[in-house]
Amino acid sequence: MYAQMVKSEGKRPGEALSPEEQAFQDRIDAGERIEPRDWMPEGYRKTLIRQIGQHAHSEIVGQLPEGNWITRAPTLERKAILLAKVQDEAGHGLYLYSAAETLGESRDEMTQKLLDGRMKYSSIFNYPTLTWADIGAIGWLVDGAAIMNQVPLQRTSYGPYARAMVRICKEESFHQRQGYHIMMKMARGTDAQREMAQDALNRFWYPSLMMFGPSDKESVHSAQNMAWKIKINTNDELRQKFVDQTVPQAEFLGLTVPDETLCWNEEKGGYDFAEPDWNEFFEVLKGNGPCNAERIGARQKAWDDGAWFRDGLSAYADKQQARRMAAE
Amino acid sequence: MSQEWPLWEIFIRGQHGMSHRHVGSLHAPDAEMAIRNARDVYTRRKEGVSIWAVRSTDIAASSPSEKGPLFDPADSKVYRHPTFYDIPDDVGHM
């Protein structure tokens, strides 16, 4: 899940809706899509900018841990695949920024907010990619967890967001499969490769479970966001679904999920599993994860180093425009 | 902050002789770069054979509040559809 703990700007529970707000909620309840020029409550607009913006930032920052291995991919084919995947992430970021911009905040404004810490990105990208197996684990687990969240969001109430999700989901499945393919190759390889694959699973398992955010069964923010259909499932529902889907995949690889309490619960038709360390999660969100400073540092550097280029292309476009005007 | 690149709306013609369809938007300094960026953002998997880029500010749009007056009149004109007319089967395909 790329957007974590999105604070809702909705009314407090029990507060009465104005006639306009009621009509808006009725449209959502009837399954209608809200489009950019439609009337919407200010809270809906603000919450969506926060959520879609965070989602977009996650796609962009998410390129960094994987980009780390482009020059060191084990074969030319793996390198081409990883390049294509990282390029997709850039594309996903752009689709999402465009969707957020229809709500009245520009991409550059959102970028500034990311750089000065007013907007967040997913906690998962603050973990390092130490070995090639981590690239497999990210595709398999991290993209797998993202898919859990993104598939239902194709039905979200805000039209541009839903359409961006449709496009993203089509491409995401390639990401997960290529990751699993790397894991299969390593799990069936030498002892050293198997150990490397197991080590990647050990390190990425709990951070992947954290991607869904802490339990929000009783959160008023989640309740409002679910009423607005910008959140479709609770965090616990998605996490359970992810575990149920992933454990058999790990078994197929012959790898062990690093959770001694993991066991099938016949009654609920799903696995019982250990919660991740939520203190670690909150520390990572606060900026104290292993790579927070490095990630924002890389984005800041890209922004600063790219300034002359953005300005140069703008200056060229202005000059061409002036020439065309003069010729007319 | 320096000047932000303007926003462009991107339209792509798919493979099968369809009309150009709106696929999304992007930022670019000029039309040429808009088309180049659109290729990278919207056609990485052969989604199209032709691209149009239009400045977002150049698009005129109907207002959501006009939806009723603009589109409701068509509701009462069912005779514009072929299914309105009962033609006996004996006539054959028409």
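A polar contact here is a pair of N or O atoms within 3.5 Å; within protein, one must be able to donate a hydrogen and the other to accept it, and residues adjacent in sequence count only if both atoms are side-chain atoms. With that rule, 14 residue pairs, both at pLDDT 80 or more, are in polar contact across the interface of chain A and chain B.

This is a predicted model, where local features need pLDDT of at least 70 and side-chain atom pairs count only at pLDDT 80 or more, while totals for chains, interfaces and linings use all residues. Residues are numbered from 1 along each chain as its sequence is written, chains are lettered from A in the order in which they are written, and side-chain values use heavy atoms, without hydrogens and water.

Here is the interface in brief.

| Item (chains A and B) | Value |
|---|---|
| Residues in contact (heavy atoms within 4.5 Å) | 25 of chain A, 23 of chain B |
| Buried area (accessible area, 1.4 Å probe, lost on being put together, summed over both) | about 2100 Å² |
| Salt bridges (side-chain nitrogen of Lys or Arg within 4 Å of a carboxyl oxygen of Asp or Glu) | four |

One salt bridge joins Arg44(B) to Glu171(A), with the closest N and O atoms 3.0 Å apart. On the side of chain A that touches chain B, α13(A) gives the most, with eight residues.

Let's look at that helix (a DSSP run of H or I, at least four residues, numbered from the N terminus). The buried residues of α13(A) are Arg310(A), Leu313(A), Ser314(A) and Ala317(A), buried meaning under 20% relative accessible area (1.4 Å probe, protein chains only). They line one face of α13(A), because they fall within an arc of 100° seen down its axis, taken from the directions from the helix axis to the C-beta atoms. Their cover includes α12 (292–305) of chain A and α1 (31–42) of chain B.

Conventions:
Buried means under 20% relative accessible area, exposed over 50%, partly exposed in between (1.4 Å probe, protein chains only). Helices (H or I, at least four residues) and strands (E, at least two) are DSSP runs, numbered from the N terminus. Buried area is the accessible area (1.4 Å probe) that two parts lose on being put together, summed over both.
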